[in-house]
Amino acid sequence: MCASELKALADELRKGQDGAYRNLLLLDCNPAYDLPGDLEFVGALEGFRGAGGTVIHLGLYRDETAGHADWHLPMAHAFETWADGTAWDGTMTTGQPLIDPLYAGRSVLEMLGWWTKDERSAKEQVRAGGPADGKAWRRALHDGLVAGSAAAPLQVSAKALPAPQFGDLSATPADGIEVRFMPDRHIGDGRWANLGWLQELPDPMTKLTWDNAAMMSFATAASLGVEHGTMVRLSKGARSVEVPAYLMPGHADGCVTIALGHGRTAAGHVAGLDDDEIEPVGFDVNPLRAHDSASLATGVAVEPLGKPYPLAVTQDHFAIDEIGTQGREQRLPNLVKEGSVAEWQQEPRFAKSAADYWGKDSNLWQELDPETDDRLYKPKHKWGMAIDLSSCTGCSACTIACQAENNIPVVGKDQVIKGREMHWIRMDRYFAGDPAAPKVMSQPVACQHCEMAPCEQVCPVAATVHSSEGLNDMVYNRCIGTRYCSNNCPYKVRRFNFFDYNEDADQPGNEVMKMAANPEVTVRARGVMEKCSFCVQRIERARIATRNEDRDSRIPDGTIETACQQSCPTGSIVFGDLMDEGSQVRKAHENPRSYAMLAELNNKPRNLFLARIRNPHPAMPAAAAEEAVTHG
Amino acid sequence: MADSFTVPAAATQDERVFPAPLVAGTNDFASVTETVCSIVEAPRAPKAWYVIFGIAVALLGVLGAMIVYLVSTGVGVWGNNQPVAWGWPIVNFVFWVGIGHAGTLISAVLFLFRQGWRTGINRFSEAMTIFAVICAGMFPAIHVGRIWVIWWVFPIPNQMSMWPNFRSPLLWDVFAVSTYFSVSLLFWYMGLVPDLATIRDRAKTKARRFWYGLFSLGWTGSNRQWHRYERAYLILAALATPLVLSVHSVVSFDFATSQLPGWHTTIFPPYFVAGAIFSGFAMVLTLAIPARKMFGLEDLITMRHIENMCKIIMATGMMVGYAYAMEFFMAWYSGNTYEGFAFVNRAFGPYWWAYWIMVSCNVISPQIFWSKKARTNLTLVFIMSIFVNIGMWFERFVITVTSLNRDFLPSSWHYFSPTWVDVLTLLGSFGLFFTLFMLFCRWLPQVAISEVKNVMPQAHPHHHPSEGKEG
């Protein structure tokens with residue numbers, strides 16, 4: 001619905017009996033929360049109901065809108081129902097339920113059918129849209145799409161227009177501050193707010209969890225007298241919101257960016273529920289929005305309130321002292337290796353350090369080689385990973401995929417503030433250079449599965465040991481929790497269960513939480529250490545399948561995909577067997593751009609990074625910043 | 001009495017030629033026995049004892065409550081986090097192990113070097129050692145995530161057919177600390193046997209006769225027994241001496257063998273041992289100064305003892321100071337970026353205050369002991385000893401926390417703050433220590449009666465005042 005339609009709807013509802021409507025169906029939406037504040041939609045709904053109108057809400061949650069409806073109907077989740085859709089080219093796609101509805105929900109399709117006296121089930125409705133031929137239909141279900149159903153492309157002609165003139169886009173607005181609203185990078189407009197995984201996933205840039213904040217540049221903050229991590233009041237006319245400030249390197253001056261989707265009062269036990277006295281997570285900034293300019297508010301007054309507010313940030317940046325800043329700047333080029341196209345053309349191995357060539361001679365002792373030494377067990381595989389920084393965008397999908405695959409607990413805001421988040425693969429984000437125009441670097445870091453793992457040597461009970469195929473295995477039921485391994489890990493990828501983070505699953509009524517867990521992965525107890533396992537359960541699954549076929553054959557390349565690899569939209573992560581000469585990971589390791597992080601420690605990580613090649617368009621402002629950081 | 005000598009007034013003699021006698025006043029064998037035994041035999045302890053004991057027991061209760069809370073809830077009740085996986089519990093462990101060093105040093109090393117002045121304070125400091133090691137041993141045990149399987153660190157045959165990992169310095173700790181504890185306990189107890197027999201012989205109640213009789217192991221004081229006793233004592237002293245060096249060296253390996261910048265340094269073993277002796281002597285002073293007053297032991301623990309300990313504190317304090325300086329030098333000289341950063345960060349980073357508390361307490365404040373006036377001012381010495389205790393706790397804090405909170409990858413850097421449970425657990429460990437120590441003061445001879453008699457002029461039949469310096 002466009003802005004004017006929404007306005008018209010709200011106005012119509014306010015008329016009550018005199019208006020055009022008697023009943024209002026709200027299907028899978030939450031307008032009482034997420035509509036711009038100037039529509040005063042809640043007031044409109046209540047006015048409508050007060051005048052005898054009936055409001056019916058169909059939704060996954062009994063949310064804010066349900067609270068203002070006469071009827072709330074449980075909706076079936078997309079995984080519980082039949083659905084169809086079209087792809088970008090018009091191809092028909094099908095969606096099948098994975099499970100019977102857990103809470104007797106109905107889909108939008110079914111409800112619409114029911115209201116329009118269509119007696120068909122959702123399945124029958126979807127079936128009706130598909131090919132009539134039974135075999136073709138089964139094929140479509142198998143493939144997930146109806147082959148050949150794409151729309152015919154239109155023949156269009158285009159002619160070049162003169163380039164529009166925009167003036168100076170970087171100019172600071174004259175009248176007060178401009179506020180830009182964006183959907184939260186993880187919970188969107190708030191519809192995913194009650195998912196702990198997403199609340200705790202650090203924002204790729206701010207590294208903020210469990211909150212939204214008013215992001216602004218250092219110069220703007222200084223001119224407004226605002227400090228990082230303190231409350232500010234943003235007001236426009238009679239409407240105002242209070243949010244914490246977050247000083248963001250590289251943010252444009254004169255404006256503030258805030259994520260939507262937070263501050264919910266009827267989201268659930270994770271994101272806030274007034275009925276059960278659960279505080280909202282983050283701040284609702286919808287009241288500041290206007291329906292005719294829903295993503296931008298201009299001329300906003302910003303008033304510093306000075307009250308400190310704890311932000312659960314997983315990686316501090318500017319909140320550190322001069323020494324820390326210097327130390328970081330000094331070591332960054334050795335951690336996240338980057339080069340320009342010219343540098344790469346001149347020396348493709350520019351990312352290598354001397355330590356990358358050390359090899360076996362670097363040891364004080366003679367290393368046994370399983371390939372030649374009869375005393376050693378001869379493994380069939382040598383698992384390794386490679387992460388290409390050139391294609392990594394820092395989106396953090398790997399983190400969530402890993403969390404889902406490996407039953408990683410959500411620990412909550414107070415624990416994140418203490419530095420106890422549990423992610424096995426984290427996205428390190430660094431800013432380098434001038435805070436006003438920094439260079440941003442992202443680097444996914446999981447267990448590097450070092451061949452000479454420092455964690456293994458120090459465990460007093462041998463709870464973390466090396467497998468013959470080179471995995472750094474964590475034996476949960478042997479771990480007594482000395483945490484020495486974590487101290488000795490230079491990558492700090494180990495995670496400790498400081499509390500019993502899974503106790504909720506044992507509470508009556510929470511059986512569904514257990515269903516979220518991957519049955520192939522142990523749910524860890526309190527007091528044990530955990531970390532990336534290279535998705536060992538997937539390796540074993542592939543091994544069993546391969547052995548069933550032929551006992552002596554090796555697992556073919558590409559059979560095993562780790563969860564992070566599978567979810568990476570740019571294919572940055574490859575995993576496989578380094579003994580297989582044709583494997584992708586072997587090729588990646590042999591790529592001249594490959595390097596081991598902290599190679600000089602001689603831990604011999606099995607994960608190599610491929611250095612990032614930067615090639616910004618010379619006309620872009622980023623190119624200048626790039627130049628300044630690289631050669632400045 | 002007939003065999004009493006008049007001891008020359010010390011003030012008239014040059015101390016460098018005739019050191020002050022080790023037993024002051026006009027004491028003879030009988031009066032020494034009387035002084036020490038009367039404490040044990042008194043129907044009521046001094047009022048101060050009840051006050052201190054009461055506070056100590058209350059703190060012990062706090063410790064118990066904290067441990068119950070910890071075990072029932074999880075290690076998260078402390079401030080530990082990522083990357084500071086070791087926080088106060090390990091700091092406290094190293095602190096208490098350090099305290100536990102002076103005892104064996106005084107009883108074994110000084111014995112082998114024939115330092116007669118040890119006799120006045122050795123019982124005392126050995127007891128302190130044992131109680132400190134008990135406090136120390138508690139911390140690694142409770143700091144693990146799953147205390148109910150802590151026995152896996154011992155090489156006990158088990159149904160899992162699993163040995164512990166002998167490559168782990170934590171395992172070396174288990175052996176080092178338990179060996180040290182057993183030998184110290186044995187040494188202490190053996191030294192107690194003749195004195196326990198003395199109390200048994202003087203006992204006026206059945207219960208006393210029974211209990212002191214039981215623990216004096218039928219000691220009669222025959223020549224043969226004394227002969228065996230002296231031999232065994234010498235052997236145990238020789239066995240215990242290497243332990244003085246080994247325990248804290250092994251504790252330092254926990255850090256030194258790690259890769260972490262700020263931990264990975266070869267200077268740690270000697271530096272830790274010096275620091276341990278330093279803190280151990282400081283704790284002996286902290287305990288001895290009030291105790292000698294409370295129990296009237298001024299004649300047995302004399303100013304000369306206190307002065308000697310002040311000198312050792314000054315000497316070891318300078319060794320520790322040298323180590324601090326050398327760490328910085330090596331960090332710079334090695335050219336290792338991470339190492340260099342770790343040390344600059346220690347002194348000027350977010351924990352600068354902890355570093356400078358450490359330096360002021362451990363290096364600067366003991367310098368006052370160059371002055372004899374300072375060494376003989378009991379109030380000042382007592383305050384200084386407290387300073388050293390504080391400084392040495394901070395040294396362990398600085399090593400553990402400042403190294404961990406900023407290691408290799410800046411993305412993982414995180415500030416560590418303790419919780420109230422951390423604070424109360426540390427206080428509670430003092431409760432445990434003082435409860436045991438106060439019980440010791442009340443029920444066992446605080447000074448080794450038979451050994452003190454050895455260094456009295458009366459023990460030397462051909463006594464001449466000039467021979468007093470042997471003592």
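This is a predicted model: local features need pLDDT of at least 70, side-chain atom pairs count only at pLDDT 80 or more; totals for chains, interfaces and linings use all residues.
Chain B has 16 helices and 0 strands. Its C-alpha atoms fill a box of roughly 80 × 55 × 40 Å along the principal axes. For 471 residues, a compact globule would have a radius of gyration near 23 Å, and the 23 Å of chain B agrees. Of the 471 residues in chain B, 50% are buried. Among contacts in chain B with a separation of 6 or more, 82% join residues 24 or more positions apart.

Helix α5 (residues 122–143) of chain B packs against helix α9 (residues 268–294) of chain B at an angle of about 115°. The two axes are 10 Å apart. The crossing of α5(B) and α9(B) is right-handed. From α5(B), Phe124(B), Ser125(B) and Met128(B) take part. They meet Met283(B), Val284(B), Leu287(B) and Ala288(B) of α9(B). This contact has 6 nonpolar residues, 1 polar residue and no charged residues.

Chain A contains strands. Strand β1 (residues 23–27) of chain A shows alternating side chains. Leu24(A) and Leu26(A) point to one face and are buried. β1(A) pairs with strand β2 (residues 54–59) of chain A in the parallel sense, over 5 bridges. Within β2(A), Leu58(A) is the bridge partner of Leu27(A).

A further sheet of chain A is open and has 4 strands, in the order β24-β17-β26-β25. Its pairing is mixed. β24 (573–577) and β25 (594–595) of chain A stand at the edges. Each has a single partner strand, so one side of each lacks a neighbour in the sheet. β25(A) runs antiparallel to strand β26 (residues 607–610) of chain A, and 2 bridges join them. Ser594(A) stands opposite Leu610(A) in β26(A).

In helix α12 (residues 397–405) of chain A, the buried residues are Cys398(A), Thr399(A), Ile400(A), Cys402(A), Gln403(A) and Glu405(A). Just after α12(A), Asn407(A) takes a positive phi of about 55°.

A loop residue of chain A is buried as well. Ala271(A) lies between β12 (266–268) and β13 (272–273) of chain A. It counts as buried because 28 C-beta neighbours fall inside 10 Å, where the cut-off is 20 or more. Beyond four places in sequence, Ala271(A) touches Ala193(A), Asn194(A), Gln199(A), Arg264(A), Pro280(A) and Val281(A). Pro454(A) is 183 residues from Ala271(A) in sequence. In space, C-alpha to C-alpha, Ala271(A) and Pro454(A) are 39 Å apart.

How values were computed. Residues are numbered from 1 along each chain as its sequence is written. Chains are lettered from A and ligands numbered from 1 in the order in which they are written. A residue is buried if 20 or more other C-beta atoms lie within 10 Å of its own, exposed if 12 or fewer, and partly exposed in between; C-beta atoms are placed from the backbone. Two strands pair if DSSP finds at least two bridges between them. Axes are lines fitted to C-alpha atoms, for helices over the stretch in contact, and angles run from 0 to 180 degrees between N-to-C directions. A crossing is left-handed if the near helix is turned anticlockwise from the far one by less than a right angle, and right-handed if clockwise. Two residues are in contact if their C-beta atoms, placed from the backbone, lie within 7 Å. Ala, Val, Leu, Ile, Met, Phe, Trp, Tyr, Cys and Pro count as nonpolar, Asp, Glu, Lys and Arg as charged, and the others, Gly among them, as polar. The radius of gyration is taken over C-alpha atoms; the globule rule is 2.2 Å times the number of residues to the power 0.38.
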